[in-house]
Amino acid sequence: MSGPISVQLYTVRQALAADRDGTLRRVAEAGYRAVEPYDPLNDPKGFRAVADDLGLSVSGTHAGAVLQREPAEVFEAVATIGTDKVIVPAGIAPEEFTTRDGIARAADLLNDLAVQAARHGMRIGYHNHWWELEPKVDGRHAIEVLADLLAPEVFLEIDTYWAAVGGADVPALLGRLADRVIALHVKDGPVVKGEPHTAVGAGAMPVPEILAAAPDARRVVELDECATDVFAALAESHTYLTSLEGH
């Protein structure tokens, strides 16, 4: 595993909106030493100061704004919060992943952003939901076709739960995508659209097999909607993952 277990802060978005500093403190108290923000433009200097005080590194950031704003503005904020990994989490129309031409357009967009990111010393990544897995193009999941068309410097952050919901055998998928995947969203639950998530280890996902298939990828916990107290679930997830990986 590359670096300490991280948490996608979208998991605690409501608490974060009410009390950013207190919420980050609770994340640190749950055992996390890294975070993955989702809105780098929101007070990046203040965020960095609090994260530094709490000993939280930034493993990467989701930055959908890079598709809507001047990319240089986004890259500047990302540098301030302290990472070089800029992840596009959505914003490309799901129907683009249903045809080879659409996937090629998505790849061109990401490759162009990667050129711009490189000027700022950064890398672009892409994060999937189920709609890049459900469509098959030439017998392969759309995300695999996309991976073939991406420039070498563009990485993938595979959301393992949404990949499973989209019909993938996740360990096998990770094996095929190999070094392209530098981060995993690790989440658990019933593997059904619309149902809330659980602490990692308490649901139906084959978490040990998934982690074994991508041993060097950063583990990022995310619970989009949680069936239990979210901070308790985050702490349980950290304990479970730490027990599996021995650190």
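Modeller: Let's start with a cut-off: buried means under 20% relative accessible area, exposed means over 50%, and partly exposed is in between. Keep in mind that this is a predicted model.

Biologist: Okay, so why is Arg33 called partly exposed?

Modeller: Arg33 has a relative accessible area of 43%. Buried needs under 20% and exposed needs over 50%, so Arg33 counts as partly exposed.

Biologist: And what makes His129 count as buried?

Modeller: Its relative accessibility is 16%. The cut-off for buried is under 20%, so His129 is buried. You'll find His129 in the loop between strand 6 (123–127) and strand 7 (136–137).

Biologist: How do you know that the side chain of His129 makes a polar contact with Pro89?

Modeller: The side chain of His129 reaches the backbone oxygen of Pro89 at 3.4 Å, and a polar contact has to be within 3.5 Å. His129 also touches Ala90 and Trp162.

Biologist: Back to Arg33: where does Arg33 sit, and what does its side chain reach?

Modeller: Arg33 is in the loop between helix 2 (20–29) and strand 2 (34–36). A polar atom of its side chain lies 3.2 Å from the backbone oxygen of Ala28, again within the 3.5 Å limit. Among the other residues Arg33 touches are Pro4, Ile5 and Gly55.

Biologist: Ala28 is in helix 2. What makes the meeting of helix 2 and helix 3 a contact?

Modeller: Contact means heavy atoms within 4.5 Å. Arg20, Asp21, Leu24, Arg25 and Ala28 in helix 2 meet Gly46, Phe47, Val50 and Leu54 in helix 3. Those residues divide into 5 nonpolar, 1 polar and 3 charged.

Key:
Residues are numbered from 1 along each chain as its sequence is written. This is a predicted model: local features need pLDDT of at least 70, side-chain atom pairs count only at pLDDT 80 or more; totals for chains, interfaces and linings use all residues. Side-chain values use heavy atoms; hydrogens and water are left out. Helices (H or I, at least four residues) and strands (E, at least two) are DSSP runs, numbered from the N terminus. Buried means under 20% relative accessible area, exposed over 50%, partly exposed in between (1.4 Å probe, protein chains only). A polar contact is a pair of N or O atoms within 3.5 Å; within protein, one must be able to donate a hydrogen and the other to accept it, and residues adjacent in sequence count only if both atoms are side-chain atoms. Ala, Val, Leu, Ile, Met, Phe, Trp, Tyr, Cys and Pro count as nonpolar, Asp, Glu, Lys and Arg as charged, and the others, Gly among them, as polar. Lists of a residue's contacts leave out its neighbours within four places in sequence.
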